[in-house]
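Here is a note for a colleague who is meeting this structure for the first time. Please keep the sequence and the model at hand while reading the points below.

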Amino acid sequence: MTYAKVSQVAHYLPEQIVTNNDLAQIMDTSHDWIVSRTGIEERRIVKTEQTSDLATKVAESLLAKSGLSADAVDFILVATISPDSQMPSTAALVQANICAHNAFALDVSAACSGFVFALSMADKLIASGAYKKGMVIGAEVLSKTVDWSDRSTAVLFGDGAGGVLLEASQEKHFLGEFLRADGARGQGLTSGTSSLTSPFSEGKEGSAYLKMEGRMIFDFATRDLPKTIAQLLDQEEVETSQVDYFLLHQANVRILEKIAKKLGVDRQKFPTNLHRYGNTSAASIPILLSELVENGTLQLDGGQTLLLSGFGGGLTWGAILLKL
């Protein structure tokens, strides 16, 4: 049998730091107001970079750390809701930038669940035996999607990218998954709604801005996520005590605290970095994973068991049980 394993991790963040006090200069908000409701203190915002630029930095770092040639990469999946363009895909631009001539490339659009969904796809691609090496990158420039006059959304989001290199292995590392979607509730979190502009069409104008029903999304995350995580653990006959760390999408510290409490898991098992980066959507889980490897909390090939879980627009949510 052929399995997939995470062999390398990397992340990249724009240099520009925008603090809560910076935001207070352009909108009716304050540092204390934002921290008390979200746990966010600052975020990174691009000056000139596009989503493909951030993703390319991650891809280059993965190659440098692994010592691989770009020609050895079989596929590149980029999870994003803030692509450079509808076509070419952000993944195709990354493929061109790193000269990965043998790789196919595509974007995965599942909002804040995007990295988890793309990772699931990549696992199956390698397990098929047809592909041996692939990159899964979450990358976002959300600063171009938010209405900067709307404090209910603008204070939440940041830009960044993170990713992993997957390689074929003889040992099973992906232990189980539980993926879900509910389009009936999809209007609770929207972005980039297209307008009908044909001279033969009639319809309302869309909005490029990200819009969110905050209470509805909070309730969704704190209700559906614990159930999904519990179902996955039960499905794979794994106790919460056997999971070393729960790496959840970094949306709101209050959401993370409530999920940990519902699962009866020590909050220390839920590492966070959203106080420094805000909500980076599909990029949040891989950035966190990479930082934890970088600071020594996690070790590649260390045998630690992780539960990765994303939730967001779509509505989409899911979890993967992974052994390093």
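Predicted model: local features only at pLDDT ≥ 70, side-chain atom pairs only at ≥ 80, totals over all residues.

1. Residues are numbered from 1 along each chain as its sequence is written, and side-chain values use heavy atoms, with hydrogens and water left out. Helices (H or I, at least four residues) and strands (E, at least two) are DSSP runs, numbered from the N terminus.

2. On the sheet as a whole: 4 strands form an open sheet in the order 8-13-12-11, and the pairing is mixed; two strands are said to pair if DSSP finds at least two bridges between them. Strand 8 and strand 11 (245–248) stand at the edges with a single partner strand each, so one side of each is left without a neighbour in the sheet. Neighbouring strands of this sheet are turned by 10° against each other on average, direction ignored.

3. On strand 13: this strand (residues 316–323) has 7 of its 8 residues buried, so it is largely enclosed by the rest of the structure, where buried means under 20% relative accessible area, exposed over 50%, and partly exposed in between (1.4 Å probe, protein chains only). Strand 8 (residues 174–181) runs antiparallel to strand 13 and is joined to it by 7 bridges; Phe178 has Ala319 as its bridge partner, and Arg180 stands opposite Trp317.

4. On the two helices: the axes of helix 3 (residues 51–66) and helix 4 (residues 90–97) come within 9 Å and cross at roughly 50°. That makes helix 3 oblique to helix 4, since angles under 35 degrees count as roughly parallel, over 145 as roughly antiparallel, 65 to 115 as roughly perpendicular and the rest as oblique. Axes here are lines fitted to C-alpha atoms, for helices over the stretch in contact, and angles run from 0 to 180 degrees between N-to-C directions.

5. On their contact: Thr51, Ser52, Ala55, Thr56 and Ala59 in helix 3 meet Thr90, Leu93, Val94 and Asn97 in helix 4, contact meaning heavy atoms within 4.5 Å.

6. On Val58: this residue lies in helix 3 and is buried, with a relative accessible area of 0%. Leaving aside neighbours within four places in sequence, Val58 is in contact with Ala10, His11, Tyr12, Ile137, Ala161, Gly162 and Gly163. Val58 and Trp148, which are 90 residues apart in sequence, are 27 Å apart in space, C-alpha to C-alpha.

7. On Ser109: is this residue buried or exposed? At 63% relative accessibility, Ser109 counts as exposed, and it is found in the loop between strand 5 (104–108) and helix 5 (114–127). Not counting residues up to four places away in sequence, Ser109 touches Thr80 and Ile81, and its C-alpha atom is separated by 10 Å from that of Leu77, 32 residues apart along the chain.
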